[in-house]
Amino acid sequence: MENKGKYYITTAIAYASGKPHIGNTYEIIMADAIARYKRLTGYDVFFQTGTDEHGQKIEAKANQAGVTPKEYVDKTAAVVKEIWDLMNTSYDKFIRTTDDYHEKQVQKIFERLYKQGDIYKSEYEGLYCTECEAFWTESQLVDGKCPDCGREVHKEKEESYFFRMSKYADRLIKYIEDHPEFIQPESRKNEMLNNFLKPGLQDLCVSRTSFKWGIPVTFDPKHVIYVWIDALSNYITGIGYDCDGNSSEQFKKYWPADLHLIGKDIIRFHTIYWPIMLLALDLPLPKQVFGHPWMLVGEDKISKSRGNAIYADDLAHFFGVDAVRYFALSEMPFAQDGSITWQLVIERINSDLANIYGNLVNRTIAMTNKYFGGTLSEPNCYEPLDDELKNVAMQAVKKVDEKMDQLRIADAIDAAFDLLRRCNKYIDETSPWLLAKDEANKSRLNTVLYNLLEGIRIATVLLSSFIPQTAQEVFKQINTVQTDYDSILTWGNYEKNNTVTAQPKMLFARLDSVKTMEEVNKYLEAKQPEKMTFKEEVNIDDFDKLDIRIGTVLQCNKHPKADKLLVFKIKCGSEVRQIVSGIAQYYKPEQLVGKKVAFIANLAPRTLRGEQSKGMILSAEDENGKLEVVTVNDVDDGASIR
């Protein structure tokens with residue numbers, strides 16, 4: 001096969017905060033399908049994925065779990081890798097942003113950008129979303145909340161280093177306009193140009209001092225390098241980039257990336273922040289960034305907090321890995337969001353994998369065994385109908401190639417299934433069971449079955465990038481070694497005088513929808529955590545013993561002797577009292593000043609590390625360790641909760 005050159009493909013690195021759901025997993029499956037197809041068609045592919053492991057959210061989760069951040073990300077990165085491996089993804093490199101070589105290069109990149117004047121120190125005051133670890137302007141908010149996750153934002157003021165984005169904006173605009181294929185789909189390109197670049201870029205905050213779990217700035221170690229430079233640079237550090245000019249041969253071979261495959265929600269970071277970083281480093285820009293749509297559950301965004309998350313390993317437990325891969329790849333449109341439910345997966349398995357594909361393979365092998373003892377001779381009795389099947393096969397090869405070049409994977413799969421559908425129709429048209437009744441038709445029957453096996457072979461080669469385990473099983477059952485791409489460019493390469501397997505296995509069993517859903521629900525229920533338990537019952541007299549009041553936070557400071565404690569001055573009516581609370585890992589002191597908080601006013605005073613506390617501030621904490629102080633808006637200080 002002709003070597004078509006290198007092809008470097010990456011996914012976004014998964015944030016190592018927890019187990020990825022099927023929406024997260026879709027991206028690695030899609031990238032794997034592209035990588036496998038490129039290898040099949042003659043490219044030298046390097047496929048990189050990995051995990052993003054620094055940041056405030058991970059630091060908080062580690063604190064809540066009572067482990068170090070490194071221990072936390074070691075565990076979650078292993079979970080991510082386990083899911084990627086379960087889905088049979090053929091990545092060449094799994095990078096972790098805690099890898100020593102990566103951290104070293106990130107520090108070098110930051111230092112270089114600082115020395116050449118692209119990074120400067122200043123102070124940031126803006127609206128911050130803790131969940132997304134992102135700053136926003138007032139105009140970017142949606143209904144006063146974070147435009148990405150919809151959560152509350154808060155004002156934050158912090159010394160930071162900034163990247164001079166505007167310095168490179170005009171060059172990037174020209175590049176995007178001169179390279180229309182750079183951002184795909186096109187709607188995403190228009191969004192980046194019209195909503196972000198042309199109105200004018202603000203300088204980007206690229207360091208933080210409010211948390212410690214990150215890569216320290218070498219010349220100012222109280223700062224850690226923020227996510228943009230840390231996470232995005234994995235695409236070059238993972239293949240051997242060295243900021244001092246000693247990059248590896250692998251980097252010289254594979255950069256620039258041919259494709260960054262990412263979710264549509266992070267396309268701004270990959271088509272504005274990342275290219276500007278590369279321009280500043282005097283490196284070529286990636287050839288294409290594709291912002292794929294989201295996979296929804298029904299019509300809703302997948303969310304662990306909503307309780308609607310579906311996981312790839314649970315799906316694979318019931319349906320097998322290839323069925324999960326097939327559904328994810330075939331169900332997602334090119335530019336619109338796709339949808340998944342357990343019921344939809346069952347329907348697609350039955351209609352496509354069991355009926356169209358599995359049944360075709362099983363029937364063809366069974367007839368070959370029944371009528372010819374499993375061994376066909378040279379086909380020599382052709383009719384015009386055969387040419388039609390042959391033409392559909394050759395068109396399928398061409399169409400799959402065209403659609404894969406456009407990253408329209410669902411359309412590519414459908415083109416391969418068009419050939420399988422035509423094979424099924426060919427069976428109906430030729431009626432092999434009727435041909436078998438007359439010995440005079442034996443030569444024609446031999447040709448019909450050969451054509452069916454050849455059609456199956458070609459379709460299976462085309463599908464081998466999407467459902468690789470199934471493809472290998474089919475090749476084994478029809479007993480062919482003609483599985484490379486060149487072998488499907490012409491018709492008739494299925495081996496002559498070949499013997500199929502004597503015992504065909506069902507590729508995909510047809511599922512009873514009602515029974516399967518009963519089993520699914522039982523399985524999922526068994527995996528749920530135990531039902532919520534409550535403390536023993538109390539009566540109203542017990543509750544009345546608590547004096548719960550509302551007070552305004554006048555002052556909040558870090559405890560001078562305890563990192564986890566905050567010291568509050570709270571106004572309650574005419575009284576100002578001091579309360580010490582162990583919530584420093586969740587809030588900065590300034591976030592709570594001015595808030596009206598609920599507190600127990602008649603709790604016996606106690607001294608915490610030398611500071612007296614007269615009361616207890618009430619907070620709510622969920623099972624994931626997320627904590628929020630109980631606040632109210634429109635009642636006076638001193639009001640009672642009853």
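Helices (H or I, at least four residues) and strands (E, at least two) are DSSP runs, numbered from the N terminus. The model described here is predicted: local features need pLDDT of at least 70, side-chain atom pairs count only at pLDDT 80 or more, and totals for chains, interfaces and linings use all residues. Residues are numbered from 1 along each chain as its sequence is written, and side-chain values use heavy atoms, with hydrogens and water left out.

**Strand β3**

Of the nine residues in strand β3 (residues 44-52), eight are buried, where buried means under 20% relative accessible area (1.4 Å probe, protein chains only). Strands count as paired if DSSP finds at least two bridges between them.

| Partner of β3 | Sense | Bridges |
|---|---|---|
| β1 (residues 6-11) | parallel | five bridges |
| β2 (residues 14-15) | parallel | two bridges |
| β4 (residues 93-96) | parallel | four bridges |

Within β3, F47 lies opposite I9 and T51 lies opposite A14. Q48 has K93 of β4 as its bridge partner.

**Second largest pocket**

A pocket is an open set of points on a 1 Å grid over the protein atoms alone, where a 1.4 Å probe fits, with protein on both sides within 12 Å along at least five of seven lines; lining residues have an atom within 4 Å of a point. The second largest pocket holds about 480 Å³ of space, a volume being the space filled by probe spheres set on points joined across faces, edges and corners. Its lining has 25 residues, and T137, Q140, Q202, R268 and Y273 are the closest to its centre. Helix α10 gives the largest share of this lining, four residues.

Key: Buried means under 20% relative accessible area, exposed over 50%, partly exposed in between (1.4 Å probe, protein chains only).
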